[in-house]
Amino acid sequence: KQWYQRRVAITAGDKNLVGSSLAGCIGGNNAHSVNIVSGVYVATGQDVAQAGTSSMALVTMETVDKDSLYVSVTMPCIEVGVVGGGTNLPQQRNALEIIAPDVKAELLAQVVCGAVLAGELSLLAAMTSGDLVKSHISLNRKK
């Protein structure tokens with residue numbers, strides 16, 4: 001178990017820090033936060049044009065103690081709103097009320113960041129185990 005957390009942390013560093021830097025990403029040291037942010041934005045009536053800047057995130061992972069994985073997500077510019085625009089559409093308003101019952105922007109921003117954390121951990125664990133490649137091969141639509 002301990003070796004796996006360490007391996008996920010190494011994968012995160014390789015992908016999020018080294019890989020993103022080599023690709024020339026500015027503010028995008030993450031595996032795929034824009035996918036998560038875009039999904040939440042569409043579901044809650046946010047301005048999807050803001051998904052790019054809002055998804056700028058620094059995601060790091062490190063092992064602590066003997067068998068724990070510490071995951072940190074820093075998102076300095078999450079732009080969300082709970083009044084006006086698409087937030088007034090019935091399905092989007094319903095999603096907002098489910099996600100953030102008090103419908104406050106600060107809580108919605110925290111939910112977005114939490115969703116990014118979950119998505120990053122899931123993707124990086126799948127990359128580490130090889131399941132990401134296996135699933136892409138097995139679900140290849142060109143077969």
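## Surface, fold and core of a predicted chain

The chain exposes about 8400 Å², of which carbon and sulfur atoms supply 60%. These values describe a predicted model, in which 34% of the 143 residues of the chain count as buried. Along the principal axes, the C-alpha atoms fill a box of roughly 45 × 45 × 30 Å, and the mean positions of the 11 positive and 11 negative charges lie 12 Å apart.

The secondary structure comprises six helices and three strands, which follow one another along the sequence in the pattern α-β-α-α-β-β-α-α-α. When contacts between residues at least 6 apart in sequence are considered, 62% of them join residues that are at least 24 apart.

In soluble globular proteins, nonpolar side chains tend to be buried together. Here the largest nonpolar core has 22 residues, and those with the most contacts inside it are V37, M61, M75 and I78.

I78, one of the core residues with the most contacts inside the core, touches Y41, S54, A109, V112 and C113, when residues up to four places away in sequence are left out of the count.

Key:
Residues numbered from 1 in each chain as written. Predicted model: local features only at pLDDT ≥ 70, side-chain atom pairs only at ≥ 80, totals over all residues. Heavy atoms only, no water. Helix = DSSP H or I, 4+ residues; strand = E, 2+ residues; numbered from the N terminus. Buried < 20%, exposed > 50% of the residue type's maximum accessible area, 1.4 Å probe, protein only. Contact = heavy atoms within 4.5 Å. Areas by Shrake-Rupley, 256 points an atom, 1.4 Å probe, with all protein chains shown as cover. Lys, Arg positive; Asp, Glu negative; His and termini not counted. Charge placed at Lys NZ, Arg CZ, Asp CG, Glu CD. Core = buried A, V, L, I, M, F, W, Y, C linked by side-chain atoms within 4.5 Å.
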